Amino acid sequence: MLRQPRPGEVGGQFNSHLQSIADDVGLKNMRPPSWTSNSTKALQVAEYARGNGHSSTFHDAINKAYWENGKDIGKMSVLREVVEEVGMNWLEVEESLKDQRYWPKVMEHYQEAQALGFNGIPAFVIGEFGFTGAQPLEVFRMVTQKAIEAVGTNRDKPTWGQMIK
């Protein structure tokens, strides 16, 4: 599906706000894709990766494929490339996609996010604080500090992480 440019995007570049965030975290080659990828299969593979000790490496590799290399992570050929790059077994992953083994877990995460009021991506939960959207690194530092401070004052109150489990 053709992706419509967001306000402020010109000539294959993010708007200045998003580009400065990308630059701050070292994503110098990050560019908006010209299409919208259907990431449901990638989300299922992420669940497979989580259960097989490859969560972090798969997460990094799939994001690099999409954001830095401009690949359509909705395509099986791209998923296979990333799966093999991080050392997972493609035949096992492919089978899990065919039988939709991880689809219920993906939908569970989606429904939890909706119930918590999230309506955008990316979404983040730090302690009892949740927020969405691309944010500067300073926002993460500030929210993390508030979460640390809240632990001392709200010992009996459940955290977001406890509420969604």
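## Glu47 in helix H2

At 8% relative accessibility, Glu47 counts as buried, because the cut-off for that class is under 20%. The model is a predicted one. Glu47 sits in helix H2, which covers residues 40-51. Its side chain makes a polar contact of 2.9 Å with the side chain of Arg50.

Setting aside residues up to four places away in sequence, Glu47 touches Tyr102, Lys105, Val106 and His109.

## Aromatic pairs

Five aromatic pairs turn up in a search of the whole structure. One of them joins Tyr48 and Tyr102. Their ring centres are 6.1 Å apart, the planes stand at 90°, and the pair is edge-to-face. Tyr48 belongs to helix H2, while Tyr102 lies in the loop between helix H5 (90-98) and helix H6 (103-115), so the pair ties together parts that are 54 residues apart in sequence. Both Tyr48 and Tyr102 are buried. Tyr102 is also among the residues that Glu47 touches.

Tyr66 and Trp67 form an edge-to-face pair, because their planes meet at 85° with ring centres 4.8 Å apart. How exposed is each partner? Tyr66 has 13% relative accessibility and so counts as buried. Trp67, at 27%, counts as partly exposed.

## The nonpolar core

The largest nonpolar core holds 20 residues. Val45, Phe58, Ile62, Ile73, Val83, Met88 and Val93 have the most contacts inside it. Four helices each supply at least two residues of this core: H2, H3 (55-68), H4 (76-85) and H5. Helix H3 gives the most, with five residues.

Phe58 shows what one of these core residues meets. Leaving out neighbours within four places in sequence, Phe58 is in contact with Ala42, Val45, Ala46, Ala49, Val82, Val83, Val86 and Met88. Among these partners, Val45, Val83 and Met88 are also listed with the most contacts inside the core.

## The E1-E2 hairpin

Strand E1 (residues 123-126) pairs with strand E2 (residues 129-132). The sense is antiparallel, and four bridges link the two. Together E1 and E2 form a hairpin, with two residues between the strands. Gly127 lies in the turn and has a positive phi of about 60°.

Phe124 stands opposite Phe131 of E2.

How values were computed
Residues are numbered from 1 along each chain as its sequence is written. This is a predicted model: local features need pLDDT of at least 70, side-chain atom pairs count only at pLDDT 80 or more; totals for chains, interfaces and linings use all residues. Side-chain values use heavy atoms; hydrogens and water are left out. Buried means under 20% relative accessible area, exposed over 50%, partly exposed in between (1.4 Å probe, protein chains only). A polar contact is a pair of N or O atoms within 3.5 Å; within protein, one must be able to donate a hydrogen and the other to accept it, and residues adjacent in sequence count only if both atoms are side-chain atoms. Contact means heavy atoms within 4.5 Å. Two strands pair if DSSP finds at least two bridges between them. Rings of Phe, Tyr and Trp (its six-membered ring) pair if their centres lie within 6.5 Å; planes under 30 degrees apart count as stacked, over 60 as edge-to-face and the rest as tilted. A nonpolar core is a set of buried Ala, Val, Leu, Ile, Met, Phe, Trp, Tyr and Cys residues joined through side-chain atoms within 4.5 Å.
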